[in-house]
Amino acid sequence: MAFSTIVSDISYRDRPEDDNRTIRSSNSIVGYARSARSFASTAATSVSIAGSISSQLHGGYGHSLTRSWQSERQLTKSMLVYPLFISDNENDATSIPSLPDQKRWGLKTLVPYLETLVRKGLRSVILFGVPLKPGTKDALGTCADDPKGPVIQAIRLIRAKFPELYIVADVCLCEYTSHGHCGILREDGGLNNQLSVDRISDVALAYAEAGAHCVAPSDMNDGRIRAIKLKLIEAGVAHKVMLMSYAAKFSGCLYGPFRDAAGSVPQFGDRKCYQLPPGGRGLARRAIRRDIEEGADVIMVSRLPIDSTLSHIHKVKPASAYLDIISDAKEIGRDLPIAAYQVSGEFAMIHAAANAGVFDLKAMAFESLEGILRAGATIIVTYWVPDMLNWLER
Ligand SMILES: [Zn+2]
């Protein structure tokens with residue numbers, strides 16, 4: 001836009017008269033350039049406005065409140081989901097060495113821990129089962145939907161003790177299979193997709209019937225979203241159970257140094273044939289589209305199998321490496337909520353760097369979550385939840 005046009009426009013806008021019909025006519029604008037007060041004031045400043053008035057931005061974020069208005073979405077407690085690892089040792093409160101301030105909980109230790117967090121505004125948790133007792137794992141992952149297993153018991157307990165808390169149940173077999181893979185295997189060691197989907201959908205239904213508000217399959221078997229949705233409909237619970245798909249779950253470097261926490265590392269092979277390759281943006285878009293068509297209510301973007309199993313953090317790639325996928329998910333799933341799982345590795349890395357004096361822990365925690373929000377997520381699963389409940393006002 002030419003400068004003279006801007007001046008005309010500004011002076012026109014400042015014009016005291018009220019003839020709206022002529023105001024709307026672009027041909028008439030030049031005619032009102034007579035009271036060019038804005039030209040005089042602009043010329044009097046030291047700011048050179050060359051071409052466009054939009055060069056001046058500072059006025060829009062000069063105050064802390066107006067800075068917060070610049071975000072499309074504000075970080076709030078209600079958008080956070082806290083991952084909880086529940087073992088079959090009811091007195092468990094074991095620190096997880098690779099995850100600062102995080103513990104594995106048992107059914108007896110969980111309630112007092114949650115009481116504190118709920119009081120501070122915790123709204124939602126996602127549950128992962130960690131069977132530790134010998135003999136609990138087999139080829140079919142039988143223990144996954146055992147009514148006496150850690151997840152189903154934890155769902156019932158939390159529903160009873162904290163009726164307001166929203167419960168997401170991660171659904172996978174790898175914590176429960178003797179081979180550590182996310183499904184049932186063929187003789188050649190590959191996944192038997194049909195049997196795996198049958199089994200995964202049974203497990204999802206069992207969690208839903210135990211009282212989970214949301215089931216979140218993280219296994220990446222083809223067609224499991226449709227199978228779960230159909231079973232939820234058949235059982236008459238589809239109207240009250242949300243189906244959150246880990247649609248874009250990327251494989252990482254397996255077999256890393258952090259196997260101490262849960263013990264679901266594959267005994268042979270890796271998960272690269274069913275989790276997405278890190279460079280596979282197009283594949284991720286196809287997986288997101290497919291899962292929406294199969295009936296997912298929420299799409300989740302996640303990078304690390306470690307976040308579902310706590311067994312292989314490996315070489316850490318931060319969530320920021322996958323912000324483009326979150327943005328893709330928001331574009332493809334325009335009408336769905338988008339969830340992002342902030343990787344445990346990034347959480348650990350921020351702690352390590354803050355301890356080394358690289359940056360301030362709290363400032364970086366906020367920056368990391370705001371980046372995920374900006375990319376398009378409205379639900380964030382993160383280990384920062386206990387801290388954020390202290391730091392956020394609402
Ligand atoms: Zn798995």
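Strand β5, helix α7 and strand β6 form a right-handed β-α-β unit. Right-handed means that, with the strands pointing away from the viewer, the path from the first strand over the helix to the second runs clockwise. Helices (H or I, at least four residues) and strands (E, at least two) are DSSP runs, numbered from the N terminus.

This is a predicted model: local features need pLDDT of at least 70, side-chain atom pairs count only at pLDDT 80 or more, and totals for chains, interfaces and linings use all residues. Residues are numbered from 1 along each chain as its sequence is written.

Two strands pair if DSSP finds at least two bridges between them.

| Pair | Sense | Bridges | Opposite residues |
|---|---|---|---|
| β5 and β6 | parallel | four | Val171 and Pro217 |
| β6 and β7 | parallel | two | Cys214 and Met242 |

β6 is covered on both faces. Cys214 and Ala216 are buried on one side, Val215 and Pro217 on the other. Buried means 20 or more other C-beta atoms within 10 Å of the residue's own, with C-beta atoms placed from the backbone.

Now helix α8, residues 224-234. Its buried residues include Arg224, Ile228 and Leu232. The buried residues of α8 pack against α7, β6, β7 and α9. Just after α8, Gly236 has a positive phi of about 75°.

Which residues touch the most other members of the largest nonpolar core? They are Leu127, Ala169, Tyr207 and Val215, in a core of 93 residues. α7 gives the most to this core, eight residues. A nonpolar core is a set of buried Ala, Val, Leu, Ile, Met, Phe, Trp, Tyr and Cys residues joined through C-beta atoms within 7 Å.

Conventions:
Buried ≥ 20, exposed ≤ 12 C-beta atoms within 10 Å, placed from the backbone. Contact = placed C-beta atoms within 7 Å.
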